[in-house]
Amino acid sequence: MSRFDFTLAIGDDALIAAQRLGEWTSRAPEMEEDIALANIALDQLGAARLLLTYAGELEGAGRDEDDLAYLRDDREFRNCLLVELPNGDFGVTMAKLFFLAAYQVPLYTALAGCADERLAAVGAKARKESAYHLDHAALWVKRLGDGTEESHRRMQDAVDEVWPYVHELFNPDPTAPVDPSTLRAGFDATVSAVLDEATLTRPETGWTPGGGRDGLHTEHLSYLLAEMQVLHRAHPGASW
Amino acid sequence: MYGNDFAPPEDAPGGGLLGEVEAAEAALREAAARARRGGPAPDEDVEAYFADVIDADQKIEPRDWMPEAYRRTLIRQIAQHAHSEIIGMQPEGNWISRAPSLKRKAILLAKVQDEAGHGLYLYAAAETLGISRDELVDLLLDGRQKYSSIFNYPTLTWADVGVIGWLVDGAAIVNQVPLCRCSYGPYARAMIRVCKEESFHQRQGYEILHTLAHGTEAQKAMAQDAVDRWWYPSLAMFGPPDGDSTHSAQSMAWKIKRFSNDELRQRFVDMCVGQAEVLGLTLPDPDLRWNDERQAYDYTQPDYDELMRVIKGNGPCNRERMAHRRKAHADGAWVREAAAAYAAKRSDRKEPVAA
């Protein structure tokens, strides 16, 4: 993956994750959680803006963060499928956030040490935020997994439902600034420890859907983009 | 990166009001430094002591004796204020997914997050009066306590997000700045914190409108339409006219309120006229004009019958706002139960260690 493709892909991950988390606003199970989810959405959006801005510069075609966010179709988006999945119930959202953060922490940590100064700076900033996201999601996975019978059942269902989508995150690519396959061991260690403590079973790996990095998405992404882009596209060239 | 990295227009609102908030904060420190007597003497009448503290412009604190009606009035007012922050997340939250640039999306997310935070401060202030947040939330969900009428209006376009910042937050600040000097200490302190953030939000809303009003024809029309729809509901936020306001006289005597509804409404109108001119937008009132004798603008009163209909539950979005809040609460019940069960298991496990 070129530096442009790589930067765009991880920027798209953050942008689409932010969009999904933003949907929770005013719907969370408690007020503190409303604040936490908005806070995490804001962090993801902040990382997305830095990464998309840089991707636009690497491309050299004059596209800024808004051109990349608002004027690409779903076939041009490079995010992983995990982040575009619908929010589902709170358990599904926490499973998605937990797996995403468990991937982003080692990703941004590795990025912070990479040769590209701009990517290193993003990594250094974003890894601190991701560590908070991981802590927050892991705590909820434990609370729900080891809470009531109902929450245990729902959390296990959520983990089972989302698990197939994590494998795409680690497809090897030795040409990328950080080879995603090198992040798998750290991810597995984090996930196993938290699931154990949460009294949850780690799913067997069977079906491993993918394609997001090539612009082959689920049916969900086009709807998400239709909503996200509607106003921007209705006023071509306008400033906001 | 919160995205709020714009330079404010020189004539942006908020400057004067923010100064008042800072003055109130200084007055609060001075009142504390004057070190009021620790409490009534053993044979002193508590009512006389309470009246002394109020007369001396000092603060009533949670442990002080207070008239039951004072406590009840404050609980009602602070809770209604807290509920308004929580319900108020909905009309703006409606545009987070569709915000037209990533910078605007970030600003809006941060703002809605601040509102949830204000709700929490205010519930905490209400709790100092001897009621729990859960009870207050139940009162809201059962419809026994109100929230601000303004949040029962729909946000139909992006410009509504700007107008909510400029007019709705503007009206809220004009209402709340005097509350920074309210006689009840915890409420006054919460208001200082809330007003500082609100004045920032108001400036952001003004900036959205400024950009729209100086953008394309379609953007300018969108901004004007939003101002036309929100002007009178914003004026109605100050409550019924003084003659019809049931709680005003007592609240002013207790120094909970400092100015009447009509005084604050006038102050708001006077403030908005110049700002609208700078925006290049018109306020939808043909009879709005400067009165040299009164040194204030004459204006057309809002439709108070409409206000009463909205307060009674029959505004455009009352049903949706309440249904949304109830659904979030009901859908989250299993999560809250899980958190409580998990915490109970943890404390069971810790006990032997502590013993």
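In this predicted model, the structure holds three cavities of 30 Å³ or more. The two that are described here are set side by side in the table.

| Cavity | Volume | Lining by class |
|---|---|---|
| Largest | about 100 Å³ | six nonpolar, two polar and two charged residues |

The lining of the largest cavity is made up of A:Ala17, A:Arg20, A:Leu21, A:Leu82, A:Val83, A:Asn87, A:Thr93, A:Lys96, A:Leu97 and A:Leu100. Two or more of these lining residues come from each of α1 (3-22), α4 (81-84) and α5 (90-112) of chain A, and the largest share, four residues, is given by α5(A).

The second largest cavity is lined by residues of chain B, namely B:Glu92, B:Arg104, B:Ile107, B:Leu108, B:Lys111, B:Trp158, B:Val161, B:Gly165, B:His201, B:Gln204, B:Gly205 and B:Ile208. Here the elements that give two or more residues to the lining are α5, α7 (158-176) and α8 (185-213) of chain B.

The helix α5 (102-127) of chain B also takes part in another setting, as one of the elements that cover the buried residues of α6(B). Those buried residues of helix α6 (residues 133-141) are B:Arg133, B:Leu136, B:Val137, B:Leu139, B:Leu140 and B:Leu141. Besides α5, their cover includes α3 (68-87) and α13 (318-331) of chain B, together with α2 (31-59) of chain A. Just after α6(B), the backbone at B:Gly143 takes a positive phi of about 80°.

Methods:
Residues numbered from 1 in each chain as written. Chains lettered and ligands numbered in written order. Predicted model: local features only at pLDDT ≥ 70, side-chain atom pairs only at ≥ 80, totals over all residues. Heavy atoms only, no water. Buried < 20%, exposed > 50% of the residue type's maximum accessible area, 1.4 Å probe, protein only. Contact = heavy atoms within 4.5 Å. 1 Å grid on protein atoms, 1.4 Å probe; cavity = no way out; pocket = protein on both sides within 12 Å on 5 of 7 lines; lining within 4 Å. Points joined across faces, edges and corners; volume = space filled by probe spheres on them. Nonpolar A, V, L, I, M, F, W, Y, C, P; charged D, E, K, R; others polar.
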